[in-house]
Amino acid sequence: MSAGSHAGPPALLLGRLNVARALGAGGIASHIASPLPDELAFASRFCTGRIKLPPLDDRDAVVDALLRAGERIDGAPLYFGDDDYLDLVQDRREALSRRFRFILSDPEVARALIHKRRFAAFARRRGLPVPRALEWGELATWRGAVLVKPKAKIAWENSAVLAQLLGGAGKARVFESGREVIANAAAARLRDDVLFQEYVAGGDRQLWSFHGYADERGELLAWFIGHKIRTWPELTGASSFLELAHNPELERIGRDAAERATLKGVFKLDFKQDAVTGRYSLLEVNARYNLWHYLGARNGINLPRVAYDYLVHGRRPQPTRYRCTHRWVDLRVDRQAYRQLHAQGRLSLAGWLWSLARTPKVYTLLAWDDPLPFARYWLRRIKRLPQLTTRLTRWLFTAS
């Protein structure tokens, strides 16, 4: 199905290329809005309109720009591709709902999902199976491993936690004990900006996710299960190699958690299965569209299209048994994951290449039916070569 062949208005997408391609796979064209002039999604063939936004911290100006765009595509469904966009939509839901169609969880739930400190308390009230939260005063006597992660999901790239505690990579950090956390200067300095919780034993292959889309009453319309193969850095980093899976036990747990949390609209429940006990713990909930939806679309379960059909036409999907044939890979990140595992003697070059070669794949940049973003990325890199060469030359002469 070609982009734009779906009856109805185009979607309005805040951000991301993978979501634009998921929509395109469902025959839905997108007007894409971003504050980034070099946003790769602008180059996608599924992008039929480009909306340059002001910086996201100027929320009044951003909302004004979106509402002006809404005058041309009134009634378009609204898609949000990262936590900064989600926070904006939740904060200005009343104004944006005058022009756009979308479903969000109730404000109390929505606020709890975007701020991890609130989520910990929310999860306890709703009886969700989350790991035990730890206070700074408990760490001196806590002998087990500790996971340290930031309190907030927004404005992440420029945070002190990422730069000083996580070394510029990863989403959290694992310490062998509570005493090791206390002894870490960055952890002590940033303790008001992070959360501490017991670490659930296991590697990347114990990381699972339950993805769904629910209507205004919280009724689940469609869902699928994701399984991580590799991340970088290991255990706490960005996804590099993913697959879909069928897991009846996690389906039951995911459905129950979504119902207890009264989730509405799009969501992803992140779980980790304890390598010792087999118990699934809920790590966090993300209420936005994400890269998994492109992989889902390639495997026959397209949640962005489910959302479009319901929001625009009021149609509910037929039950679908999705495939698990295609995997998703970000080769740049997965190469780093391979290097880390190889250095530990846990993955050979042949083993890494075989894992990539043995199944069909979708890529974070390369797509044969949508080649321009990949070409735009490399053209941008090539244009930077003279600058890099000049810097290298200056460094060599200075070093000599």
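Arginine 381 is located in helix 15; helices are DSSP runs of H or I with at least four residues, strands are runs of E with at least two, and both are numbered from the N terminus. The structure is a predicted model, in which local features need pLDDT of at least 70 and side-chain atom pairs count only at pLDDT 80 or more, while totals for chains, interfaces and linings use all residues. Residues are numbered from 1 along each chain as its sequence is written, and side-chain values use heavy atoms, with hydrogens and water left out.

With a relative accessibility of 36%, arginine 381 counts as partly exposed. Accessible areas come from the Shrake-Rupley method with a 1.4 Å probe, and for residues only the protein chains shown count as cover.

Together with Arg335, Arg339 and Arg384, Arg381 forms a positive surface patch. Patches are made of residues with over 30% relative accessible area and no salt bridge; like charges are joined within 9 Å, and nonpolar side chains (Val, Leu, Ile, Met, Phe, Trp, Tyr) within 5 Å. Lys and Arg count as positive and Asp and Glu as negative, whereas His and the chain ends are not counted. The place of a charge is taken as NZ of Lys, CZ of Arg, CG of Asp or CD of Glu.

## Salt bridges

The whole structure contains 27 salt bridges, each defined as a side-chain nitrogen of Lys or Arg within 4 Å of a carboxyl oxygen of Asp or Glu. One of them joins glutamate 284 and lysine 116, with an N to O distance of 3.5 Å. Because glutamate 284 belongs to strand 13 (residues 280-286) and lysine 116 to helix 6 (residues 116-126), this pair ties together parts that are 168 residues apart in sequence. Both glutamate 284 and lysine 116 are buried.

Another bridge, at 3.6 Å from N to O, connects glutamate 219 with arginine 316. Glutamate 219 is in the loop between strand 9 (207-214) and strand 10 (220-232), and arginine 316 is in the loop between helix 12 (303-313) and strand 14 (327-329), so the bridge ties together parts 97 residues apart in sequence. Glutamate 219 is partly exposed at 42% relative accessible area, and arginine 316 is also partly exposed, at 37%.

Arginine 298 and aspartate 369 meet in a further salt bridge of 3.2 Å, N to O. The two partners are 71 residues apart: arginine 298 is in helix 11 (residues 292-298), and aspartate 369 is in the loop between strand 15 (361-363) and helix 15 (372-383). Arginine 298 is partly exposed at 29% relative accessibility, as is aspartate 369 at 32%. Elsewhere, salt bridges with shared partners unite Arg59, Asp60, Asp87, Asp91 and Arg92 in one network.

## Buried elements

Helix 1 (residues 17-25) is largely enclosed by the rest of the structure, because 8 of its 9 residues are buried. Among these buried residues are Leu17, Val19, Ala22 and Leu23. After helix 1 comes glycine 27, with a positive phi near 80°.

Serine 30, in strand 2 (residues 30-34), is buried with a relative accessible area of 0%. Beyond residues up to four places away in sequence, serine 30 touches Ala11, Leu13, Leu23, Phe46, Cys47, Thr48 and Gly49, where contact means heavy atoms within 4.5 Å.

Leucine 104 occupies the loop between helix 4 (93-96) and helix 5 (107-114) and is buried at 12% relative accessibility. Apart from neighbours within four places in sequence, the contacts of leucine 104 are Phe80, Leu86, Val89, Gln90, Arg93 and Lys264. The C-alpha atoms of leucine 104 and phenylalanine 267 are separated by 9.6 Å, although these residues are 163 residues apart along the chain.

## Backbone features in loops

Tryptophan 232 and proline 233 are joined by a cis peptide bond, with omega about -5°. Proline 233 is in the loop between strand 10 and strand 11 (238-245), and leucine 235 lies in the loop between strand 10 and strand 11. Leucine 235 has a positive phi, near 80°, in a residue other than glycine; leucine 235 is partly exposed, with a relative accessible area of 32%.

Threonine 262, likewise not a glycine, has a positive phi of about 50°. Threonine 262 is in the loop between helix 10 (248-260) and strand 12 (265-273) and counts as partly exposed at 34% relative accessibility.

Terms used: Buried means under 20% relative accessible area, exposed over 50%, partly exposed in between (1.4 Å probe, protein chains only).
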